[in-house]
Amino acid sequence: QDYVHSIHNDKMRETLQFLRDLSRNNNREWFMANKQRYQQVQSRWYAFCEALISAVGQFDPDIASLKIKDCTYRIYRDTRFSHDKSLYKTHFGVFMAKGGKRSMHAGYYFHVGTGVGEGYPYSHMLASGNYCYEPRVIRMLREDISFGWEEFKESVLGVADPSFRVDMDGALKKVPKEYPADAPYADFMRLKSYSLFTNVGDDFLLQPDLVERVAGLFRTVKPFNDYVNRAVDFRDA
């Protein structure tokens, strides 16, 4: 077990070091000179993702049949409409959602960044939910939460690991006029995306059994994803 732990540590340390080196040398010349190194790191990341998909698929059947291409992303950035002209992403992410990453369903996201700096994309992160919903899905979620607040609070939020918190990024400044501003669920009425997240440090990544620990945390937010996806699926019905 100590040997396996050591191998895991070495692979994850190499991944973190590659991302940190890339963040300091985000140019084509450096990347091409380190292409083989990137391919080795990517191969190990894909192996981890396959194991994580399998582990999450044990408690969420919608995830079990997903493939790597359904859940992972290219390292090359699309700079056409961005002020940031950096060529390469300095993080690895895997998003496991019903129907794949482009399905608009809520899912499970695991993100390994450089670990240097605060917030996305620097911090390592676990998240559930999604960032892009149609307006009618948002309206439906607001109605469901406001009418069934106690059940949502106890059966959905109450079972999530305490480290998860609501992502208020991009939320409306004011509660929509249809809802009372002093209601206990008022903050959820301000949301334009529905997601829970928690940040972790290097120490979390370097402990043994990373797949099992990440999957264990994701298990606690399955009710949140199910709740959101009920609205998404009703939209499609």
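Colleague: How much space lies in the largest pocket?
Modeller: This is a predicted model, so take what follows as computed from it. Rolling a probe the size of a water molecule over the atoms shows where empty space is left. For the largest pocket, that space comes to about 930 Å³.

Colleague: Which element gives the most to the lining of that largest pocket?
Modeller: Its lining takes in 37 residues, with Tyr73, Lys89, His91, Tyr109 and Tyr120 lying nearest the centre. Elements that give two or more residues are α1 (2–24), β1 (92–97) and β3 (124–130). The one that gives the most, with five residues, is β3.

Colleague: And by class, how many residues in the lining of the largest pocket are nonpolar?
Modeller: Sort the lining by class and you get nine charged residues and 12 polar ones. The remaining class is the nonpolar one, and its count is 16.

Colleague: What does Leu52 touch, leaving out residues up to four places away in sequence?
Modeller: Leu52 is one of the buried residues of α3, along with others including Trp45, Phe48 and Ile53. With residues up to four places away in sequence not counted, Leu52 touches Val94, Met96, Phe110, Val211, Val214, Ala215 and Phe218.

Colleague: How far apart are the end C-alpha atoms of helix α6?
Modeller: Helix α6 covers residues 135–147, and its buried residues include Val137, Ile138 and Leu141. Its 13 residues, at 1.5 Å a residue, should span 18 Å. The model agrees, because the end C-alpha atoms are apart by 18 Å.

Colleague: Which two residues does a cis peptide bond join?
Modeller: Most residues other than glycine have a negative phi, and most peptide bonds are trans. In this model, look in the loop between β2 (107–112) and β3, where Pro121 lies. Omega is about 5° for the cis bond that joins Tyr120 and Pro121.

Colleague: Is Met104 buried, exposed or partly exposed?
Modeller: Met104 sits in the loop between β1 and β2. Its phi is near 75°, a positive value in a residue other than glycine. Buried means under 20% relative accessible area and exposed means over 50%. Met104 has 30%, so it is partly exposed.

Colleague: What about Asp209: what is its relative accessible area?
Modeller: You'll find Asp209 in the loop between α9 (202–206) and α10 (210–220). Its phi is positive, about 60°, although it is not a glycine. Asp209 is partly exposed, with a relative accessible area of 45%.

Colleague: Which residues is Ser193 in contact with, leaving aside neighbours within four places in sequence?
Modeller: Ser193 is in the loop between α8 (186–190) and β5 (194–200). A relative accessible area of 7% makes Ser193 buried. Leaving those neighbours aside, Ser193 is in contact with Asn130, Tyr131, Tyr133 and Asp169.

Key
Residues numbered from 1 in each chain as written. Predicted model: local features only at pLDDT ≥ 70, side-chain atom pairs only at ≥ 80, totals over all residues. Heavy atoms only, no water. 1 Å grid on protein atoms, 1.4 Å probe; cavity = no way out; pocket = protein on both sides within 12 Å on 5 of 7 lines; lining within 4 Å. Points joined across faces, edges and corners; volume = space filled by probe spheres on them. Helix = DSSP H or I, 4+ residues; strand = E, 2+ residues; numbered from the N terminus. Nonpolar A, V, L, I, M, F, W, Y, C, P; charged D, E, K, R; others polar. Contact = heavy atoms within 4.5 Å. Expected span 1.5 Å × (residues − 1). Buried < 20%, exposed > 50% of the residue type's maximum accessible area, 1.4 Å probe, protein only.
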